[in-house]
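Hi everyone, thanks for coming. Have a look at the model on the screen, and I'll walk you through a few parts of it.

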Amino acid sequence: MERMEKEAVRYLGYGSCEADDSTIRMIREIFGELRKTAKKRIVYRVFELHRTEDMRIGIGTMQIESRSLFKNLKGCEKAVLLGATLGIEVDILLKRYSCTDMARAVVLQACAAAFLEEYLDGCQIEIAKETAEKGYYPRPRFSPGYGDFSILHQGDILAMLDAPRRIGLTMTEGSMLTPSKSVTALIGLGRQQENCPVEGCEACEKKDCPYRRCS
């Protein structure tokens, strides 16, 4: 089974159990649909980063109080802010299946999450190549909502990236991203090269999360 298929099975909540053949077939069919339907887009910028003795973090105009993020950014001088989306087309597909085939809609939710993570991992590898040319190396990707990094900072990131205009990524009053299969994140950049995983789960302190990626 390919990595994205395994991730979709994990998002479906199977845990250590194996998915049945019909579910695997549906997962593969839906990934085929996503490859045709999703309009993947990303925007990112590099900002100066400041860490204070009282564990406050300044990135551009954004001021953050987060112990978990402060730890993640140890030794970093800059940070990449990013926003990425699979596009409104996936939301339309989700809405259609929610009205006609709820089981397929549930599997689509899981597959879209895995599809977005795979896209982000690939983008992070390319960003790492770009920053390495300037002598900076990345830390694990960290998103608002991880640990004590407030989800409200999604709005700051979107504004600093001009994401609504550039890739059509916005946020509702309830701090939910639109399109729904989207993400905001930051990646710390330091001068010291480390063996750094691109996946987000390794950076998150919520060890009991049922959707946590196994390391």
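Let's begin with two helices: H4, residues 88-100, and H5, residues 102-132, pack with their axes 6 Å apart and at an angle of about 155 degrees. The axes are lines fitted to C-alpha atoms over the stretch in contact, and angles run from 0 to 180 degrees between N-to-C directions. H4 is therefore roughly antiparallel to H5, a label for angles over 145 degrees, with under 35 being roughly parallel, 65 to 115 roughly perpendicular and the rest oblique. Helices here are DSSP runs of H or I with at least four residues, strands are E runs of at least two, and both are numbered from the N terminus.

Which residues make this contact? From H4 they are Val90, Leu93, Leu94, Tyr97, Ser98 and Thr100, and from H5 they are Met102, Arg104, Ala105, Leu108, Gln109 and Ala112. Contact means heavy atoms within 4.5 Å. These residues divide into 8 nonpolar, 3 polar and 1 charged. Nonpolar covers Ala, Val, Leu, Ile, Met, Phe, Trp, Tyr, Cys and Pro; charged covers Asp, Glu, Lys and Arg; the others, Gly among them, are polar.

A word on where this comes from: it is a predicted model, in which local features need pLDDT of at least 70 and side-chain atom pairs count only at pLDDT 80 or more, while totals for chains, interfaces and linings use all residues. Residues are numbered from 1 along each chain as its sequence is written, and side-chain values use heavy atoms, with hydrogens and water left out.

Stepping back, the protein chain has 7 helices and 8 strands. Six strands form an open sheet in the order E3-E2-E1-E4-E8-E5, with antiparallel pairing; strands count as paired if DSSP finds at least two bridges between them. At the edges are E3 (62-65) and E5 (137-138), each pairing on one side only. E1, residues 41-51, and E4, residues 76-85, pair over 8 bridges in the antiparallel sense. In that pairing, Tyr44 stands opposite Leu82 of E4.

Now the charges. The count comes to 14 salt bridges, each a side-chain nitrogen of Lys or Arg within 4 Å of a carboxyl oxygen of Asp or Glu. One joins Arg3 to Asp121, at 2.6 Å from N to O. Arg3 is in helix H1 (residues 3-11) and Asp121 in H5, so this pair ties together parts that are 118 residues apart in sequence. Is Asp121 buried or exposed? Asp121 is buried, at 4% relative accessibility, whereas Arg3 is partly exposed at 37%. Buried means under 20% relative accessible area, exposed over 50%, and partly exposed in between, with a 1.4 Å probe and protein chains only.

Another salt bridge pairs Glu77 with Arg191, at 3.7 Å from N to O. Glu77 lies in E4 and Arg191 in the segment after E8 (182-190), 114 residues apart. Glu77 is partly exposed at 34%, and Arg191 is partly exposed at 45%.

Then there is Asp162 with Arg165, at 2.6 Å from N to O. Here Asp162 is partly exposed at 30%, while Arg165 is exposed at 64%. Salt bridges with shared partners also join Arg3, Glu117, Glu118, Asp121 and Arg141 into one network.

Two chain totals to finish. Of the 215 residues in the protein chain, 48% are buried. Among contacts between residues at least 6 apart in sequence, 73% join residues at least 24 apart. Thanks, everyone!
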